[in-house]
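Let's explore a protein model together, one question at a time. Have a look at the picture first, then try each question before reading on.

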Amino acid sequence: MQREYLHWVSPSLSRKMELLWFGHSGRPVIGFPTSAGRFYQLEDFGLIGSLQGKIEEGRLQVCCVDSVDAESWYNKSVHPRDRGRRHDQYDRYLHEEILPFVTARAGRDDVALFGASFGAYHAVNLGCRYPESVASVIAFSGLFDIHRYLDGYWDELCYYHCPTAYVPNMDAGWVARLSRLQIVVATGEYDHLAEPNREMIGIFQRKGIPVTGEIWSGTFGHDWPFWSEHIHRFLP
């Protein structure tokens, strides 16, 4: 399986950002780590290995990006306003640097976003903010409301990075833009985050935005073996 380590100094974040690229051809997938995780996490926990056959066959290419969660939403040492600003810089990094890089390198624009746990938040937020730039969003065991990271603070920037806040207020034009995406929100029924997943599924459904919403019966769901198993159904 072709594997390449890449990095550059991000103009958006003013620091070095690292990634791993797997594969030589096929549909591009951007994979996010879990809470405050690193770019090598999807490989270390076996999810990339579970996709090895499809990657070697040239059906998928996976770009595993780094996070800055420890500098943004998880950074309790700074004011919540500054947490939001740092995340907004990360959003610009993803939109203005990673997405153009991935589509250019892959030679196609049917990008899939994948994330689990807090990575699911990144996938949903990026897809909902820039629906013309991606083709699908696969979110497992996610948390989509950022209020818990704000210590009671709220401003316009936080609003526009909180899918549970801005998606319900989308107008018909935005609903039409999101309706072209394949959106998956799923986890096990015994996941401690099962309710936030039900909430996000319900938000999409009430807006008339097509979503594949699954609560896997009889399972915990919030762990790598579940994510590695179910991702194959949505990345054929």
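Buried means under 20% relative accessible area. Keep in mind that this model is predicted.

Q: Is cysteine 158 buried or exposed?
A: A residue counts as buried under 20% relative accessible area. Cysteine 158 has a relative accessible area of 1%, so by that cut-off cysteine 158 is buried.

Q: How many disulfides are there?
A: A disulfide needs two cysteine sulfur atoms within 2.5 Å. For cysteine 63, the nearest cysteine sulfur is that of cysteine 64, 7.0 Å away. For cysteine 158, the nearest one belongs to cysteine 162, at 8.5 Å. Neither cysteine 63 nor cysteine 158 is in a disulfide, and the count by this rule is zero.

Q: Which strands are the edge strands of the open sheet?
A: Eight strands form this sheet, in the order E1-E2-E4-E3-E5-E6-E7-E8, with mixed pairing. An edge strand pairs on one side only.

Q: Which residue in E7 is the bridge partner of serine 136?
A: Strand E6 covers residues 136-140 and runs parallel to strand E7, residues 182-188. Five bridges join E6 and E7. In E7, the partner of serine 136 is glutamine 182.

Q: At about what angle does helix H10 run to E8?
A: Helix H10 spans residues 224-234 and lies across E5, E6, E7 and E8. Angles are taken between N-to-C directions, from 0 to 180 degrees. For helix H10 and E8, the angle is about 150°.

Methods:
Residues numbered from 1 in each chain as written. Predicted model: local features only at pLDDT ≥ 70, side-chain atom pairs only at ≥ 80, totals over all residues. Heavy atoms only, no water. Buried < 20%, exposed > 50% of the residue type's maximum accessible area, 1.4 Å probe, protein only. Pairing = 2+ DSSP bridges. Helix = DSSP H or I, 4+ residues; strand = E, 2+ residues; numbered from the N terminus. Contact = heavy atoms within 4.5 Å.
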